[in-house]
Amino acid sequence: MAAAAIFSSLRRRRSPSLEAFLAPVDLSDVALVQTLAIVATGLVSRFSEKSFFFQRRNSRSLIRKLEVCLVFLEFLKETDANLPHTALLCLKELYLLLYRSKILLDYCSESSKLWLLLQNHSISGHFNDLNLELLTFFDVFPLEEVELGVDVREQLELLQKQLRRTRMFVDEREEVLRTRFLSFLDEFENGRLPNPREMREFFVDKLKIRNAKSCRAEIEFLEEQIVNHEGDIEPTVAVLNGFVAFTRYSRFFLFGFEEDEVDSGASNQKKLKKNLISQEIAETFLTVPRDFCCPISLDLMKDPVTISTGQTYDRSSITRWMEEGHNNCPKTGQVLIHTRLAPNRALRNLIVQWCIAHGVPYDPPEGMDASAESYAMASPTRAALEANRATAMILIQQLSIGSQDAKTIAAREIRLLAKTGKENRAFIAEAGAIPHLQTLLASQNPVAQENSVTAMLNLSIYDKNKSLIMSEIGCLGAITKVLRFGHSTEARENAAATLFSLSAVHDYKKRIAEEDGAVEALAGLLRDGTPRGKKDAVTALFNLSTHTDNCVRMIEAGAVTALVGALGNEGVAEEAAGALALIVRQPVGAEAVTKEERAVGGLIAMMRCGTPRGKENAVAALLELCRSGGAATTEQVFKAPALAGLLQTLLFTGTKRARRKAASLARVFQRCEHVTMHYGGLGVGYAYASNSAPSRDSSFASEVSVPISISVPVV
């Protein structure tokens, strides 16, 4: 199984698919021998002069055996002899054996040195397996039925004797180095820093890793193995993370902040962007299942609890609701029989599984029971934590006193270190990184600015760090300035994502909205940004709109106009409609939205062509607009073309929430003086039978050109 996994891993990274190397079944014996000779010649010529740092003896031994196979194949090709059927079957197996040899030799010549050390025993076993397969080939091949030259037969007999004597070979020198590598991790595990002289001897003298660039390549290879890890391969992901952490620490401790790192900084940006936490945050918001969101905060629940009415909320949100003096359920309005909060472990486990499947960071609140912590993400070992902590201290020191180039590198590494794990985010902030990153936000170097704002974003994912960022004098303003005047598009987008992350805390939403230029910049990004930027901006604006005190500020800053314009953009329309639904709950918000010519039309268009969630938000926005905007606004909405048919369609095909909102909107219209309006000659009365469910007859009646009137109770 391990061998197959390693071959599979290498195929994913560097080699063609297995199908490309399957033995051709339709070739004649002559063509098959010729094909095998070509493949063997390519293998021998490719690897004969190649340098193998590790597994040198096993690799050279295999190549010599392949050279004998090549002599054998060349003889068969030149003699053009008729081969028995058994020989042809054996040659087809040899084809696959040559392919596996290529895979293994590629693996040993192109893998990182540290990874080869960790896999030393396993790879030695693969070489031994190939030796056994080659021995089986020659034992089964009918050599006595083929006329071979004397020299060829002697070489084959000698090879067979060697193969029978061969045992698995593990290089003693390599095994000593592997043990030494493991011992460094033990040092961190026991709370000690490794001896600097021994670290230098290991990396520089023994492994010939002599600069930051080669050390960085080792780290990237190990990280790639973590991404591609298959469950039955040793070491585990948790242990691999420890080796990555130790190697990163060694890179900075031994080689400092070399200038080649700065040169590569800009070129590495594209590679890093695909894994940016800003993208993860925005995509998380856009795709979170509704049942995983708290009905109060609309955020992903971290600690879902159930109250006496059977409704589930995030613990922090419902606790704040009760502390404010409410004794009813926010969703149903029912009076609470008691105030006990029952953990909803089943839902929490579903949320955790969803987060794992979609790569969404999930930091459970402190105090949560141990079972909640044991979700499937690999918990970091103490060695990884201590190594990362030691690395963070070096990086923060450079942020404080280093050159501008060193600060740029340090910000980038903190950005990467803070990308995963609440422990990393916690001790980086505790060690004092935030003030230094804040200073770097004003850098004239675009790379330094982007790295610092993204590092701030990654740190903000951990809840405790949100308060540290917001309490740092001038930090919110500095982030906002990057949003407004950042040197790169990526920096501005990540600043918007940072505001979104910070606005997850209810108390900070008003502060962010009141920050000079923040809402204006978000509105501008929503209008004119890239698709990624629009998503970052609309999610931040949505969060800000959940605070009732921000309504006037968002109107003044042009956010309403930007949100209305975003209704026509498929990528952000759902969140734009959701934000408008919150804003129009207040009369001043309803008035502002009513003044936007495209508002009602945009919402109705979403009801027609939007996603299920988009339709929900659109009909909810129209409902709140009618409730808060007065009779004139209600009549304006009521007169919109095709609204009657769309409402009726939602009542049949919409989600539960969409049906409820559509029925409520119909009741609002029923209270108007003009119960029946005309749409191109078709009169439609807004009324629905019990509990907003339309009768089956009404759906057919809507297709005929006569007025329809369906009674509905007023509640």
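This is a predicted model: local features need pLDDT of at least 70, side-chain atom pairs count only at pLDDT 80 or more; totals for chains, interfaces and linings use all residues.
I count a salt bridge when a side-chain nitrogen of Lys or Arg is within 4 Å of a carboxyl oxygen of Asp or Glu. Numbering starts from 1 along each chain as its sequence is written, and side-chain values use heavy atoms, with hydrogens and water left out.

**Salt bridges**

I searched the whole structure and found 23 salt bridges.

I looked up Lys302 and found it bridged to Asp463, with the closest N and O atoms 3.0 Å apart. Lys302 is in the loop between α13 (277–287) and β1 (304–306) and Asp463 is in helix α22 (residues 463–471), so the bridge ties together parts 161 residues apart in sequence. My helices (H or I, at least four residues) and strands (E, at least two) are DSSP runs, numbered from the N terminus. Asp463 is partly exposed at 39% relative accessible area. For me, buried is under 20%, exposed is over 50%, and partly exposed is in between (1.4 Å probe, protein chains only).

Next I checked Arg46, which pairs with Asp106 at 2.6 Å between the closest N and O atoms. Arg46 sits in helix α2 (residues 29–47) and Asp106 in helix α4 (residues 85–110), 60 residues apart. Arg46 is partly exposed at 36%, whereas Asp106 is buried at 2%. Shared partners join Arg46, Lys102, Asp106 and Glu110 into one network.

**Helix α6**

I turned to Ser124 in helix α6 (residues 120–140). Ser124 is buried, at 1% relative accessible area. Leu132, also in helix α6, is partly exposed at 43%.
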